[in-house]
Amino acid sequence: EAKRHGAPFGKRCDPVGEGVGRALALFEAADALGRGYEFALRTSTAIWSEAADLTVDATAHRLAEEFGIESATEAIASSGWRARAEENRSELLMMGLWGVPCFRAGDRIAWGQDRIAQTRSWTPSAT
């Protein structure tokens, strides 16, 4: 799919575990600055084509700096992202889904590659 869409992919570092938490914490900080969508795209590229390891402080600080996040350390230490993550997890479970790559657009629920076309219309929620 990456090749078909011209998206960089290959050198990767799966963020499972601590890396996911750090990515979500930094996303919340970027989203508060109105740059959540950009941050998600940039971080995805960093993880899936540059093998960026978000468990490494230098990587997290570099990405935070790119988006004007004042303190990566404070953003990572915050727990504000956990409420949104739990809300999303609960919604997925209520729909009978369980994780990535699940996607809902209106009444349409998708899992897998079929969600790629929908991402262009995504906008961050106000929550």
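Helix α3 (residues 36-49) buries G36, F39, T43, A46, I47 and S49, where buried means under 20% relative accessible area, exposed over 50% and partly exposed in between, with a 1.4 Å probe and protein chains only. This is a predicted model, in which local features need pLDDT of at least 70, side-chain atom pairs count only at pLDDT 80 or more, and totals for chains, interfaces and linings use all residues. Residues are numbered from 1 along each chain as its sequence is written, and side-chain values use heavy atoms, with hydrogens and water left out.

**The whole chain**

- The protein has six helices and two strands; helices (H or I, at least four residues) and strands (E, at least two) are DSSP runs numbered from the N terminus.
- Along the sequence, the elements follow the pattern α-α-α-α-α-α-β-β.
- Of the protein's 127 residues, 28% count as buried.
- Among contacts (heavy atoms within 4.5 Å) with a separation of 6 or more, 59% join residues 24 or more positions apart.

**Helix α3 and its last residue**

- The 14 residues of α3 should span 20 Å at 1.5 Å a residue, and the end C-alpha atoms are 20 Å apart, so the two agree; the expected span is 1.5 Å times one less than the number of residues.
- Cover for the buried residues of α3 comes from elements including α2 and α4.
- S49 counts as buried because its relative accessible area is 16%.
- The side chain of S49 reaches the backbone oxygen of T45 at 2.7 Å. For such a polar contact, a pair of N or O atoms must lie within 3.5 Å; within protein, one must be able to donate a hydrogen and the other to accept it, and residues adjacent in sequence count only if both atoms are side-chain atoms.
- Setting aside residues up to four places away in sequence, S49 touches P8, F9, G10, K11 and S44.
- After α3 comes A51, with a positive phi near 55°.

- With 15 residues, α2 reaches 21 Å from its first C-alpha to its last, close to the 21 Å expected at 1.5 Å a residue.
- Its buried residues are G19, G21, R22, A23, A25, L26, F27, A30 and D31, and what covers them includes α3, α4 (57-66), α5 (72-77) and α6.
- The axes of α2 (residues 18-32) and α6 (residues 80-94) come within 9 Å and cross at roughly 105°. Axes here are lines fitted to C-alpha atoms, for helices over the stretch in contact, and angles run from 0 to 180 degrees between N-to-C directions.
- G21, L24, A25, F27, E28 and D31 in α2 meet W81, R84 and A85 in α6.
- The residues of this contact divide into five nonpolar, one polar and three charged; Ala, Val, Leu, Ile, Met, Phe, Trp, Tyr, Cys and Pro count as nonpolar, Asp, Glu, Lys and Arg as charged, and the others, Gly among them, as polar.

**Between α2 and α3**

- L33 lies in the loop between α2 and α3 and counts as partly exposed at 46% relative accessibility.
- Leaving aside neighbours within four places in sequence, L33 is in contact with F67, G68 and I69.
- L33 and I69 are 36 residues apart in sequence, yet 8.0 Å apart in space, C-alpha to C-alpha.
- Just after α2, G34 takes a positive phi of about 80°.
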